[in-house]
Amino acid sequence: MNALWVVIAVLLGVASLLGTARLLLGPSILDRALSVDVLLASALTGLGAYAAFNRDPTILPTLLVLSLLGFVGSISISKFVARRPEEHARPEDTVYPATTEQGESRE
Amino acid sequence: MSEQFVSVLDWVAILCILAGALLSFVAAVGLIRFPDLLSRMHTAAKPQVLGMLLVLLGIGLRIMPVEETGVFDFGTLVLVGLFQIVTVPVAGHIAARVGYRTGRIRHDLVVTDELEERLEAKRRAVRDRPPGEGTS
């Protein structure tokens with residue numbers, strides 16, 4: 001059974017590394033926000049595995065706080081991107097011109 | 001609880017947590033390999049909902065035999081699960097909407113795009129409206 005705990009830890013570690021790679025590479029800010037979400041899911045899974053390994057329920061409120069934090073973070077990043085004017089988009093944020101809305105009110 | 005029953009619970013719990021960690025790993029691989037924002041969102045939602053629920057189930061099975069586990073611990077687990085189920089689709093919807101509206105979607109990878117047809121119809125309606133009427 002100990003081997004399975006090690007396998008869980010290794011999987012989560014590799015997942016965090018790959019998520020960090022996408023965080024550094026990501027072409028647009030939304031990709032980065034998405035990879036932060038995945039990193040946060042890995043952190044939640046890791047904390048849960050810790051709690052299960054030690055049979056220790058005292059860190060369960062931390063899971064609640066982290067999931068709240070992830071929701072608020074990704075919503076606020078999305079809203080920030082929506083409000084940023086198009087002409088201020090940096091050149092590496094590839095904007096495909098077919099989809100920029102015309103005749104529609106932006107919220 | 002008998003010794004064997006606790007052992008069975010532990011095995012089920014560790015298999016659940018292993019599945020959750022595997023989903024997390026799969027999501028990270030998908031983040032690296034998938035080409036655009038929408039497909040990355042597709043893979044990133046797996047550990048956030050299913051993986052999280054599996055891990056919470058594993059924690060619940062694992063702390064059940066402990067004497068001092070109260071109703072508040074299971075309440076916290078249920079609360080985390082409910083919260084993930086409610087918030088992850090909302091966050092994903094808003095991120096996808098902003099990505100579409102600011103042009104971060106690769107249209108050559110989209111099979112059908114019903115929103116584009118709707119937007120096009122709306123644009124045509126605005127364009128063909130006779131002058132003199134109010135603007136929307």
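**A loop residue, then the contact**

Analyst: A:R55 sits in the loop between α2 (29–54) and α3 (60–83) of chain A, where helices (H or I, at least four residues) and strands (E, at least two) are DSSP runs, numbered from the N terminus. This is a predicted model, in which local features need pLDDT of at least 70 and side-chain atom pairs count only at pLDDT 80 or more, while totals for chains, interfaces and linings use all residues. Residues are numbered from 1 along each chain as its sequence is written, chains are lettered from A and ligands numbered from 1 in the order in which they are written, and side-chain values use heavy atoms, with hydrogens and water left out.

User: What is the phi of A:R55?

Analyst: A:R55 is not a glycine, yet its phi is positive, at about 50 degrees. Most residues other than glycine have a negative phi.

User: And why does A:R55 count as partly exposed?

Analyst: Because its relative accessible area is 24%, A:R55 is partly exposed; buried means under 20% relative accessible area, exposed over 50%, and partly exposed in between (1.4 Å probe, protein chains only).

User: Ok, new topic: how many residues does each chain put into the contact?

Analyst: Chain B gives 58 residues and chain A gives 62 residues, with contact meaning heavy atoms within 4.5 Å. The area buried between the two chains is about 5300 Å², and carbon and sulfur atoms give 71% of that; buried area is the accessible area (1.4 Å probe) that two parts lose on being put together, summed over both. Of the area that chain B buries against chain A, 13% is supplied by B:I14, B:R62 and B:R104, more than by any other three residues.

User: How many salt bridges are there between chain B and chain A?

Analyst: The count is 2 salt bridges between chain B and chain A, each being a side-chain nitrogen of Lys or Arg within 4 Å of a carboxyl oxygen of Asp or Glu. A salt bridge joins the side chains of B:R40 and A:D31, at 2.5 Å from N to O. On the chain B side, the elements that give two or more residues are α1 (3–33), α2 (37–63), α3 (71–101) and α4 (114–128). The largest share of that side, 17 residues, comes from α3(B).

User: Which residues of chain A does B:T76 touch?

Analyst: Leaving aside residues up to four places away in sequence, B:T76 touches A:L60 and A:P61. B:T76 is found in helix α3 of chain B, and it counts as buried because its relative accessibility is 16%. A polar atom of its side chain lies 2.7 Å from the backbone oxygen of B:F72.

User: What about B:P89, where is that?

Analyst: B:P89 is also placed in helix α3 of chain B, but B:P89 is partly exposed, with a relative accessible area of 47%. B:P89 and B:V49 are 40 residues apart in sequence, while their C-alpha atoms are 9.1 Å apart in space.

User: Last one: how many helices and strands does chain B have?

Analyst: Chain B has 4 helices and 0 strands, and its pattern along the sequence reads α-α-α-α. Of its 136 residues, 44% count as buried. Among the contacts in chain B with a separation of 6 or more, 57% come from residues 24 or more positions apart.

Key
Polar contact = N/O pair within 3.5 Å; in protein donor to acceptor, adjacent residues only side chain to side chain.
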